[in-house]
Amino acid sequence: MEIKAHTVSAGKAEGEAIVYNGPFSFLGDLDPATGKVPAPRHPLEGKSLVGKVFVITTGKGSSAGDSAAWAAKQNNNVPAAMICLESEPILSGAAIITEIPTVDRPEKNVFELIKTGDYVKVDATNGIIEVVGK
Amino acid sequence: MILTDEENRMLDGEYGPGTQKSIDLLIKLGESADAEKLVETAYAHTSYDFSPEDYWSRLTEEVKKTPHRVTTHPSFDPEEWEKWGLPLAHNWVGPHERKLKRYLELGWLRTETCAEYLIGIVPRKDDIVSMGGSCMQVTNNSLFGARVDRMGILISLAAAVCGRTPLMGLLLPENRFASHLVKIEGLDVSDWGIPHYHCLGYYIGDQIPGFKPVAVTGLPPNLLFDFARALVVSMPTSGAVTLAHIVGTTPEAPTLEAALGDKKPEHVIKVGKKEMTQTWERLNVWDNDVVEHVAFGCPHATIDEIGRVAELLAGKKIKTSLLIGASAPVEALARRQGFADIIEKAGGHFQCVCPSINNPFTRPDIAGDKRAKSAATNSARSAHYLATVSGAKVFFGTDEECVNAAITGKWKGEIPKWK
């Protein structure tokens, strides 16, 4: 199944999906040393984002998000690709700086069509999400 | 994107690789948001100490002294941290000094604060300014009516290098009207202080999807500056709100209709006692009452906030470490006023560092095995970052509760009895 989307940060990547129906910040929601979510009381607490196709609503939080993303990228502790409903400039900038292929404005409901554990291919350059399945 | 001849020269590398990489980033960011062009800024605000050194060097490579004004976010003071006996402080000296040297070569100003409006650097209404620091963005947008879009620290460095920013988002007047309305209902705010407004802002930020502008009604007109600031700064911590109109207080919101652009809001969010209690509880992340550190000045303290802390600390000694984040000029005023002497005699410290994200007492990579594992604060923004960046147990409460915790080393804070 293919879903069209809008390019935020060009590139192609694929991996297992991890879906979070909420906003994300590289500062505070991702430990750059482990690639896991450290936030207390966060639904994804303890889960790794490394190499995953991370599905979120949008970005949030401090503008140090892009430098935190850069630090995590130096340890290869970042998602392989990101899919968001509507990006915002800090998340977009972080994706561009770290060259994480990222799309937003998907034309179908990604929270219904992509489940955690599904295998997903993201062609951010051409704005195409391919859900391969389990 | 349409570029001027000058911008094309930047992109072609005529001004060196740093400028070339910087403008390339601005163009890519602009394209991600379908921006038509770049625009020149009235001034730029960025951060050298928040930028990883390799990236800082990459974007400033061969950049010459800029014709435009650039200011900076809170910085580090690793030499002072060494004097305080923080074991890993020495790791920070080299990068800090190298980046600062380069920063000054570029002719940029050592403002070193997230509250530049307190030291006389204030954008005029409708000035386009590029800024790193979500607290700077939301404050200058909301309280002064400047046009500031959301952007990350490294993008703000690119914008500072180029003196330009993509024309997008909140720079466009049509995007500045509130789409979301927050109604304060059944809450008497007459005895509220800074943390109550922080708590309200933290709740609102969490409720607004993305970075949609928000209008807040139900608060007294001409809200005290410190309260208005506390309300807006915690919104981009729990969420991404970068422009909040406080009806009756902020320049683009003389009336609710003006804030909404005469349209109906997409969503209405009501806040009452229940929401405030839940948020206050959420901001308190602790399991026993031992307090090892107290942080004030997120965002950087006003002279009134420092004065209140000094009054509460007069003649006392503290058991915890205590840090007040403040700009050098505001600290100088506190010194002339006699406040700094009282606070330092009690055992507290001033620094123009960020007391939340880069708090030297709680960061494991600065304080090492001497790090404070629990911290009290009157700022929701600070509570959020002390917990998530430093991994500290966090106590959130009033100025009085925080100072009392500093003196006793124990937390006796309570959830406010909302009226």
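Me: At what angle do the axes of α13 and α15 of chain B cross, and within what distance do they come?
Reply: This is a predicted model. In it, the axes of α13 (residues 303-313) and α15 (residues 339-346) of chain B cross at roughly 50° and come within 9 Å. That angle makes α13(B) oblique to α15(B).

Me: Is the crossing of α13(B) and α15(B) left-handed or right-handed?
Reply: The crossing of α13(B) and α15(B) is left-handed.

Me: Which residues of the two helices meet?
Reply: From α13(B) there are Ile306(B), Gly307(B), Val309(B), Ala310(B) and Leu313(B). They meet Phe339(B), Ile342(B), Ile343(B) and Ala346(B) in α15(B). By class, this contact between α13(B) and α15(B) has 8 nonpolar residues, 1 polar and no charged.

Me: Switching to the chain interface. How many residues of chain A and chain B are in contact?
Reply: There are 31 residues of chain A in contact with 37 residues of chain B. On the chain A side, β2 (6-9), α1 (65-74) and α2 (89-97) each supply at least two residues. The largest share of that side comes from α2(A), with 7 residues.

Me: And what is the side of chain A that touches chain B made of, by class?
Reply: It has 14 nonpolar, 13 polar and 4 charged residues.

Me: What does α2(A) do with α2 of chain B?
Reply: α2(A) packs with α2 (residues 17-32) of chain B at an angle of about 130°, and the two axes are 10 Å apart. With that angle, α2(A) counts as oblique to α2(B). The crossing of these two helices is right-handed.

Me: Back inside chain A, which strands does α2(A) lie across?
Reply: α2(A) lies across β2, β5 (81-84) and β6 of chain A, and runs at about 65° to β2(A).

Me: What is the strand order in the chain A sheet of 8 strands?
Reply: It is an open sheet with the order β1-β8-β7-β3-β4-β5-β6-β2 (chain A), and the pairing is mixed. β1 (2-4) and β2 of chain A are the edge strands, each pairing on one side only. On average, neighbouring strands of the sheet are turned by 30° against each other, direction ignored.

Me: What about β3 of chain A, how does that run against β7 of chain A?
Reply: β3 (residues 12-19) and β7 (residues 119-123) of chain A run antiparallel, joined by 5 bridges. Glu14(A) has Lys121(A) in β7(A) as its bridge partner.

Me: And in what sense do β3(A) and β4 of chain A pair?
Reply: In the parallel sense, over 3 bridges, with β4 spanning residues 53-56 of chain A. Ile18(A) stands opposite Phe54(A) in β4(A).

Me: New topic: what domains is chain B divided into?
Reply: Chain B has domain 1 (5-173), domain 2 (177-281) and domain 3 (284-408).

Me: How far apart are the C-alpha centres of domain 2 and domain 3 of chain B?
Reply: They lie 26 Å apart. The contact takes 15 residues from domain 2 of chain B and 14 residues from domain 3 of chain B.

Me: Which elements supply the domain 2 side?
Reply: α8 (194-207), α9 (225-233), α10 (235-238) and α12 (273-283) of chain B each supply at least two residues of the side of domain 2 that touches domain 3. The largest share of this side, 6 residues, comes from α8(B). Its classes are 6 nonpolar, 6 polar and 3 charged.

Me: Last one: what is the strand order in the chain B sheet of 4 strands?
Reply: The order in this open sheet is β8-β7-β6-β9 (chain B), with parallel pairing. Its edge strands are β8 (244-246) and β9 (267-271) of chain B. Neighbouring strands are turned by 20° against each other on average, direction ignored. β6 (residues 180-184) of chain B is joined to β9(B) by 5 bridges, and His180(B) has His267(B) in β9(B) as its bridge partner.

Notes
Residues are numbered from 1 along each chain as its sequence is written. Chains are lettered from A and ligands numbered from 1 in the order in which they are written. This is a predicted model: local features need pLDDT of at least 70, side-chain atom pairs count only at pLDDT 80 or more; totals for chains, interfaces and linings use all residues. Two residues are in contact if their C-beta atoms, placed from the backbone, lie within 7 Å. Ala, Val, Leu, Ile, Met, Phe, Trp, Tyr, Cys and Pro count as nonpolar, Asp, Glu, Lys and Arg as charged, and the others, Gly among them, as polar. Two strands pair if DSSP finds at least two bridges between them. Axes are lines fitted to C-alpha atoms, for helices over the stretch in contact, and angles run from 0 to 180 degrees between N-to-C directions. Angles under 35 degrees count as roughly parallel, over 145 as roughly antiparallel, 65 to 115 as roughly perpendicular and the rest as oblique. A crossing is left-handed if the near helix is turned anticlockwise from the far one by less than a right angle, and right-handed if clockwise. Domain bounds come from an automatic or database domain assignment.
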